[in-house]
Amino acid sequence: MLFRRTLRTSAAALALLLPFAAACGNQAQAESSSTVTLRVGATGWKTEEALLKYAGLDDTPYKVQWSQFQGGDQQLQAIRAGALDLASSSEIPPIFAAADGEPNFKVVAVQRGATLNQEVVVPKGSKVTGIAGLKGKKIGYVQNTTAHYFLYELLKQAGLKWSDVNAKPLLPNDGLAALNGGSIDAFASYGTSIITAHQQGATTVGSGKDILSGNFLWSARDSVLKSPKQKAAAADLIARITKAYAYVRDGHLDGFAQVTADATHQPLAQARKDLTDAQAQRPTQARTVGDDTIASQQKVANVFTELGALKEHMDVKTFWTTELNAHLEKAL
């Protein structure tokens with residue numbers, strides 16, 4: 001049965017999810033200090049932090065506290081809980097974070113990126129060779145993320161309904177364990193979890209590569225937008241990430257591939273191929289908020305309404321803003 005994760009996370013759950021929260025301080029403390037602090041989320045591994053350091057762009061005039069999560073959905077939960085200032089995610093997590101009608105954040109920028117390593121995989125030795133073969137099977141998926149979305153779309157393309165499979169929501173690490181342990185027949189996930197699954201012998205039976213838009217969203221807490229210093233810092237950080245990726249593409253792929261391989265424990269050749277393929281498919285770069293980016297997320301929200309994950313139609317433009325556009329254009 002499909003169910004939605006509650007947005008009002010309990011204190012006990014937050015203690016597990018956000019061990020850093022107690023040490024982070026609040027908005028007032030950040031503003032009263034001599035330097036501005038941004039608490040920023042990262043999914044999988046701290047790619048952006050390592051990227052900025054590699055490109056020599058980590059010398060920010062403000063402090064950045066990076067925190068690692070298994071998915072953008074958890075980053076948005078942290079935003080809602082007041083434990084992050086800036087979150088990066090696909091188009092999906094902000095939809096569910098705003099589903100109660102009282103979001104405390106706005107989508108402030110878009111980062112165009114690759115949609116590789118967004119896959120449905122089956123374990124080594126599986127006889128399943130395509131999505132159609134998953135009818136009646138147990139499929140793990142990362143709920144309220146790209147994996148949820150592209151799994152539903154792949155099932156539709158194969159002539160299957162969501163009810164034709166036994167879909168089980170799992171976090172990336174739990175899904176990997178379940179796949180290897182035999183308690184699920186397939187797993188829909190992304191990023192490092194898919195890389196690890198392949199290292200463990202998994203094979204791909206479906207891909208979200210051409211289903212996903214390639215729009216990855218930066219969401220900022222409302223308190224950030226009320227602070228001129230934090231707002232300027234957020235725009236600067238997003239622009240620095242774009243410049244760092246440009247530096248990598250400009251003859252420095254090998255070096256950052258080594259950084260990636262060390263962090264993800266994959267062969268250097270595979271890390272370099274993944275990095276090269278990703279930047280060839282869609283160079284990572286930020287852009288400002290526009291009508292087309294809002295319309296892209298609206299399309300995704302409509303699919304989740306159709307799926308039944310959203311109880312009613314959602315107008316996504318209510319949690320987007322162009323307030324960062326001028327700052328970001330200047331910083332870029």
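**Entry 1: the chain as a whole**

I began with burial: of the 332 residues in the protein chain, 54% are buried. I count a residue as buried under 20% relative accessible area, as exposed over 50%, and as partly exposed in between, with a 1.4 Å probe and protein chains only. The model is predicted, so I note that local features need pLDDT of at least 70 and side-chain atom pairs pLDDT 80 or more, while totals for chains, interfaces and linings use all residues. Residues are numbered from 1 along each chain as its sequence is written, and side-chain values use heavy atoms, with hydrogens and water left out.

I looked up the confidence next, pLDDT being the predictor's confidence in each residue, from 0 to 100. The mean pLDDT of the protein chain is 90, and 90% of its residues reach 70 or more. Over residues 1–33, pLDDT stays under 50, and the model has 56 contacts beyond four places in sequence for this stretch. I take a contact as heavy atoms within 4.5 Å.

The protein chain holds 15 helices and eleven strands. These are DSSP runs numbered from the N terminus, with helices as H or I of at least four residues and strands as E of at least two. Among contacts in the chain with a separation of 6 or more, 80% join residues 24 or more positions apart.

**Entry 2: helices α4 and α11**

I recorded the geometry of this pair. Two packed helices are described by the angle between their axes and the distance between the axes. The axes of α4 (residues 47–54) and α11 (residues 228–249) come within 9 Å and cross at roughly 65 degrees. The axes are lines fitted to C-alpha atoms, for helices over the stretch in contact, and angles run from 0 to 180 degrees between N-to-C directions.

Which residues of α4 and α11 meet? From α4 I list Thr 47, Glu 48, Leu 51, Leu 52 and Tyr 54; from α11, Leu 237, Arg 240, Ile 241, Ala 244, Tyr 245, Tyr 247 and Val 248. By class, this contact has nine nonpolar, one polar and two charged residues. Here Ala, Val, Leu, Ile, Met, Phe, Trp, Tyr, Cys and Pro count as nonpolar, Asp, Glu, Lys and Arg as charged, and the others, Gly among them, as polar.

**Entry 3: helix α5**

Helix α5 (residues 72–81) is mostly covered, with eight of its ten residues buried. Among the buried residues I noted Gly 72, Asp 73 and Gln 74.

Asn 144 is not a glycine, yet its phi is positive, about 60 degrees. I placed Asn 144 in the loop between β6 (138–141) and α7 (146–157). Is Asn 144 buried or exposed? Asn 144 is buried, at a relative accessible area of 5%.

His 265 also has a positive phi, near 60 degrees, and lies in the loop between α12 (253–264) and α13 (268–281). His 265 counts as exposed, because its relative accessibility is 67%.

I found Ile 211 in the loop between β9 (203–207) and β10 (215–221). Not counting residues up to four places away in sequence, Ile 211 touches Tyr 149, Phe 150, Glu 153, Leu 154 and Gln 157.

Gln 298 belongs to α14 (residues 291–307) and is buried, with a relative accessible area of 15%. Gln 298 and Val 316 are 18 residues apart in sequence and 5.9 Å apart in space, C-alpha to C-alpha.
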